[in-house]
Amino acid sequence: MPGKAQTTELPESVELLDFSRIDLRGSTPSTAELRHSLPRGGTDVDAVLPTVEPIVEAVRERGAAAAVEYGEKFDGVVPESVRVPQQVIDDAVATLEPEVVDALNEAMSRVRAFHSQLVPDGHEVSFDGDGRVSERWISIQRVGLYVPGGKAVYPSSVIMNVVPAQEAGVESLVVASPPQEGGWPHPTVLAACSLLGVTEVWAVGGAQAVALMAYGSVGSESGQSSEVSEALEPVDMITGPGNIFVTAAKRLCRSVVGIDSEAGPTEIAIIADETANAVDVAYDLISQAEHDPMAASVLITTSPELADRVVEEMSDRYRITMNAERVKEALEGQQSGVVVVDTIADAIKAANAYAAEHLEIHTADAAEVAQRITNAGAIFIGRYSPVPLGDYAAGSNHVLPTSGTARHSSGLSTRTFLKSVHVIEYGEDALRGIAPTVIALSESEKLPAHGEAVKARFAEETSEKTGEETSND
C-alpha cells in the first residue's frame, strides 16, 4: 500500500525551488495540446552536427590517430594505446572495495537472469505440403558498447550493455570509454568489464569513439608513420548512452552501423495521487536530476496539496546531496515541473502524451494504472519500485528511450542485438500450387519477368503436356 503523504516543517531560511507548475484542471487538452504544454527541454542535435562532422570524417580517414588527437584536444589525456592491455583491465578489480565487487556481481546476476529470458523463439509455417517459411534469429556479429565518463562513473552502463549482448550470443564486442587521468578508462568501468569477461576495451570517448567503432582503424606498417598505428576492427552496431556529441556522431554514422537510439538527457515522470508519500516522490525526482543539469523531473498529480508538499521537500532535501548545484539547475529548468490534473484518467493521458523514459506510479491502485500506460521506457509500480532500483539492480535495463521516443521505441535488451532472417524453402508441389498467384500479381505490377521466373521451373512439363495434347489431336 502507498505510504501516507508526509512533509516536514521547513526552516524559514529555506527558499523554495522555482519548480514550474502547469494547472490543467477544468480542461480536456488533446494529445497535441499536451505535447506542446508539458514540460520538455530538448537537445538540438542538429546544432552540433557541424562540430561533429569534421571529427567523424577525420577518424574515418585516419582512424585511431585522429581519435587520439581529438581526445587530447578535448580531454587533455593521451592513452599509451587505444586498446587497453588485458592486465590493466584485470588489475582494476583489485582497486575496488569488496562490497562494490559484490554489488556489481549481484547486479550482473539479476540483469543476466532477466535478459536470458528475452531471446525470441523462431517460428515456422507450412504451405501446400512441402512449402515452408521460417524465421531465424541471428546475433549481430560485432558490437561496440559506449560507456560515458565525465560527470559520473558508469559501471552500471557496462552491465546494461554487455550482458544483453552476451545473452544474444554476440561473438565479438568492444567497450569504448573515455580515458581518465592516468590514460585509461575509469578503474570501476574496467573492473566491470573484467568481471564480465570483456577482453577488448578502447580508451577513447566522445564523438571520436563512435566514429572509431564505426570505421575502425587499418593501422600502419612499422616505420611508415609516427602516428598511432593500431589496427582496430569496426563494429556492426553501436549502443549505449552519451552526451549530445556522442548522439550526433551516432546520427552521422547510422548509415554505416546500426544504433540503438539517439539518447537525450535522462527523465523521470511520476503519476501520484493524494495517497503518495511526498518524501519518496521528492527524493525520486531529485535522484534523476543529479544526472545532468538538463535532466527532466516531472510530477503529474491529481492533488495540489501533494504538489506543494513535494516542492517543499525537494527544496529542503536537494541541498544536502553531493550534486546539489546540478540538481537545482535541472529542477528549475524548463524541462522539469509539476502538472496538476483533475483525475487519474487525465494523469494517464498526460503521461502517455509525455512518454517518459522512466515512469513511476504512486497511486492507490498503482498496478491497475500501470496497465493503462502505453508510452514509457520503463514503468515502476508503487512505493518500493523506485527508478534507482532499475538504474542498477532490478534486472531490467536502464538504457531507455528518451525525449518522447518511448511512443515508438523500446529500451535496450537482448533483442537489440538480434536480427531476424526469413527462410523460404518451397518444394515443387508447393511452388506449383502458388504459381498462378505469383504470375497474376507479377503481371498486374507490370513485372512479367517475375512470373516468367516461376513459369521456367515448369517449362519442360508444360512443353511435354502441350506435345501430348498435339499428339492426341
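Tyr146 counts as buried, at 4% relative accessibility (buried means under 20% relative accessible area, with a 1.4 Å probe and protein chains only). The model is predicted: local features need pLDDT of at least 70, side-chain atom pairs count only at pLDDT 80 or more, and totals for chains, interfaces and linings use all residues. Residues are numbered from 1 along each chain as its sequence is written, and side-chain values use heavy atoms, leaving out hydrogens and water.

Tyr146 lies in strand E4, residues 142-146 (strands are DSSP runs of E with at least two residues, helices runs of H or I with at least four, numbered from the N terminus).

An unreviewed UniProt entry annotates Tyr146, Gln208 and Asn243 as "binding site". Such annotations may be inferred rather than shown by experiment. These residues span 98 residues in sequence, yet no two of their C-alpha atoms are more than 12.4 Å apart, so they gather at one spot.

Gln208 sits in helix H8, residues 206-215. Gln208 is buried, at 2% relative accessibility. Among the residues it touches are Ile55, Tyr70 and Phe74, not counting residues up to four places away in sequence (contact means heavy atoms within 4.5 Å).

Glu200 is in the loop between helix H7 (187-195) and strand E6 (201-203). Glu200 is also buried, with a relative accessible area of 10%. Its side chain makes the polar contacts below (pairs of N or O atoms within 3.5 Å, one able to donate a hydrogen and the other to accept it; residues adjacent in sequence count only if both atoms are side-chain atoms).

| Side chain | Partner side chain | Distance |
|---|---|---|
| Glu200 | Arg142 | 3.0 Å |
| Glu200 | Trp202 | 3.2 Å |

Methods: Buried means under 20% relative accessible area, exposed over 50%, partly exposed in between (1.4 Å probe, protein chains only).
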